[in-house]
Amino acid sequence: MSEMITPQLVDLDLSAESKEGAARALAERMVALGRVTDLDGFLADVAAREAQMPTGLEGGIGIPHCRSAHVTTPTLAFGRSTSGIDFGAPDGPADLIFLIAAPAGADDAHLSILSTLARRLMRPDFVAALRAATTPAEAAALVAGESENPAPPATNPAPPAPNSAPPAFEERGSGGGAPGFGKGRGGESPAGQPFRVVAVTSCPTGIAHTYMAAEALTQAAQAEGIELTVETQGSAGFTKLTPETIAAADAAVFAHDVPVRERARFAGKPTVDVGVKAGINRPAELLQEARDKAARGEISTTPTPVEEAGEPQDGYGAKLRTWLMSGVSYMVPFVAAGGLLIALAFAIGGYEINTAPSVADHFVWTEAASWAALLFQTGGLAFGFLVPVLAGYIAYGMADRPGLVPGFVGGAVALTINAGFLGGLIAGLIAGGTVLAVQRLKIPTALRGIMPVVVLPLIGSAVTAFLMFLVVGKPVASLQQALTDWLSGLSGANAIILGVILGLMMCFDLGGPLNKVAYAFAIGGLATPNEGSLKVMAAVMAAGMVPPLAMALATTVRGRLFSKTERENGKAAWFLGASFISEGAIPFAAADPLRVIPASMVGGAVTGALSMAFECTLRAPHGGIFVIPLIGNPLLYLIAIAAGTATTAGLVVLLKGMRKQDESPRQQAGAAEAAPLPDPAQVTTAA
């Protein structure tokens, strides 16, 4: 640890007023020591990590951290704020800020050391010592573990030694039947053995929150006399809990913000499933909840691996969005493969190819029409899976594997009764909801083993089919037909307004939920194509190409407004934009969202409106400029894309130019007031 932090990387009078300013001030110290090669590029990576989840913790701690290609060696900088900085913690600003910089290929040993620091931040005595430090050298020694910390409070039994490094990936909590454990709140199981819990902790980067949650749960388990085994799915690797340990556990706790790997190992266990911050902030409450679920014989009804974990206070709307995105994400490969096969078939054999006989009965090796028919019929089969896959994986996102069969059955029913894309959405929700409802029932222990593979799929399929065939299916089919007719009749101002809305949605979150909703709306129309739905598909793809193309153009014409990393990303964005990969603009949006996202939305709206006004059509669901031959009015289509790209690029250049002018006086003032560093000239140059 002493190699990661030095007195030069400590600022005990951090004057920044925002988390961005704090990260910049600490990162400049890393640049001065040659540990970060590109200040702006590294800060963009920090901002992208912060956008995933705030890094503020209760107790006045902020731990911005990331992996970055701009870091040469694992480094830790520490700052102590005099006024407090908002890092998104529920109890207010942070005064202790740790900036953790890990190289993209950091080795396990370094990451294990950083995980040790994360655990120590859970100790009040360690935090108090940092607040009392009077010199950078004293603070650096505390963080590095070279200084003796005050003795921990007597009320915290068996705390970890100050300078010891617990195993990086599997920690076993105390409580294995020691005298006095298992008293009070029912710490012992009915058989007289300690209550046993297995836990998994993980976060997007696996550097800090993963291990802090593990330490908090371990300390809470010690206090409650619970035998706890934690699996930390962190950056430095993944050592699985043994099957014997899982089998012996009475319950499981998942504190995670990325999917739990190999979650099926925990099937049949009463489960508490929360975000990683809940594991840090309220570990005792989670363990008590696990104990209560075990006492009721309750199997998990919480989000599953395909769903991003969230805090319990997340609203139903957020959960619904995640469930729907689960289905859409699994459906997209079928859309891309099937749609492009159909598009190629039309390009080779013309639109009349859809009347060709089955290639199983008639195929001539030397005829282009036969090959076109083969492509069309193969693509049609792939397209036939769209609705069942959508419904099946919505149900999977809600209820894990037991929801798959009811979801696929419901999607197949939606196709049978012509309920289409909307029917698939509703069928998936019905299937997942049915399985979740059955899981809430108290199940005899003898039946738990067959619940996921027999009982839940059986009951879920029967209920879903009944509701789709006899209750909700026909009204949804009527609504689907009305929507199809409305799209077919779109023209003039109505079509342009729809194009604006779709363009805004495609560019708001660059591959996120709103983007996927607009895209799913478009490809849903391709299942039953008509003039209106083909216009919608064209507008959606054109608008989605604008953000990365615009960023590429902006970095080309005004490169000095962008960092070296952004200029390199701009070169790749040409191809990504041309290929209809909106995510190519994410690095730019993460670094400067208040300028890039609004500008992208304006350009997307312009392109969507023009595409609709020009009455462009598209039969392929993907492909970008590579499917231009399949586009109706291709020249006007390219003009619409160019207009939106130029609009967004112009706005980004204008807004960034204004920012540079505003920041120049502040940067000069900040440089004059900055604390002396080992090589101030190097910091000035880097900034």
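A residue is termed buried when its relative accessible area is under 20%, exposed when the value is over 50%, and partly exposed in between, as computed with a 1.4 Å probe on protein chains only. By this definition K656 is buried, with a relative accessible area of 2%. The structure is a predicted model, in which local features need pLDDT of at least 70 and side-chain atom pairs count only at pLDDT 80 or more, while totals for chains, interfaces and linings use all residues. Residues are numbered from 1 along each chain as its sequence is written, and side-chain values use heavy atoms, with hydrogens and water left out.

The overall composition of the protein chain is described first. Its secondary structure comprises 23 helices and 13 strands, where helices (H or I, at least four residues) and strands (E, at least two) are DSSP runs numbered from the N terminus. Of the 687 residues in the protein chain, 52% are buried. Contact denotes heavy atoms within 4.5 Å. Among contacts in the protein chain with a separation of 6 or more, 74% are between residues 24 or more positions apart. The protein chain exposes about 27,900 Å², of which carbon and sulfur atoms supply 62%; accessible areas come from the Shrake-Rupley method with a 1.4 Å probe, and for residues only the protein chains shown count as cover.

The surroundings of K656 were then examined. This residue lies in helix α22, which spans residues 634-673. Apart from neighbours within four places in sequence, K656 is in contact with L561, F562, D592 and R595. The side chains of K656 and D592 are joined by a polar contact of 2.9 Å. A polar contact is a pair of N or O atoms within 3.5 Å; within protein, one must be able to donate a hydrogen and the other to accept it, and residues adjacent in sequence count only if both atoms are side-chain atoms.

M551 belongs to helix α18 (residues 531-557). With neighbours within four places in sequence set aside, M551 is in contact with A585, F588, V596, T648 and V652. The C-alpha atoms of M551 and S600 are 9.0 Å apart in space, although the two residues are 49 residues apart in sequence.

K293 provides a further case of a buried lysine, with a relative accessible area of 5%. K293 is placed in helix α9, residues 283-296. A polar atom of the K293 side chain lies 2.9 Å from the backbone oxygen of T271.

Charged pairs were considered next. Side chains of opposite charge can pair when their charged atoms come close. Twelve salt bridges are present in the structure, a salt bridge being a side-chain nitrogen of Lys or Arg within 4 Å of a carboxyl oxygen of Asp or Glu. One of them joins the side chains of D11 and R29, at 3.8 Å from N to O. D11 lies in strand β1 (residues 10-14) and R29 in helix α1 (residues 19-32), so this pair ties together parts that are 18 residues apart in sequence. D11 is buried at a relative accessible area of 13%, and R29 is buried at 8%. Another salt bridge links R123 and D125, with the closest N and O atoms 2.3 Å apart; both R123 and D125 are buried. In the salt bridge between E285 and R282, the closest N and O atoms are 3.1 Å apart. E285 is partly exposed, with a relative accessible area of 45%. Salt bridges that share partners also join D592, R595 and K656 into one network.

The structure contains zero disulfides, a disulfide being a pair of cysteine sulfur atoms within 2.5 Å. C507 is buried, at 0% relative accessibility, and C616 is buried, also at 0%. In helix α5 (residues 136-144), the buried residues include A139, A140, A141, L142, V143 and A144. Just after α5, G145 takes a positive phi of about 80°.

On the surface, F466, F469, L470 and V471 form a nonpolar patch with about 410 Å² of accessible area together. Patches consist of residues with over 30% relative accessible area and no salt bridge, like charges being joined within 9 Å and nonpolar side chains (Val, Leu, Ile, Met, Phe, Trp, Tyr) within 5 Å. V471 is located in helix α15 (residues 451-488) and is partly exposed, at 44% relative accessibility.
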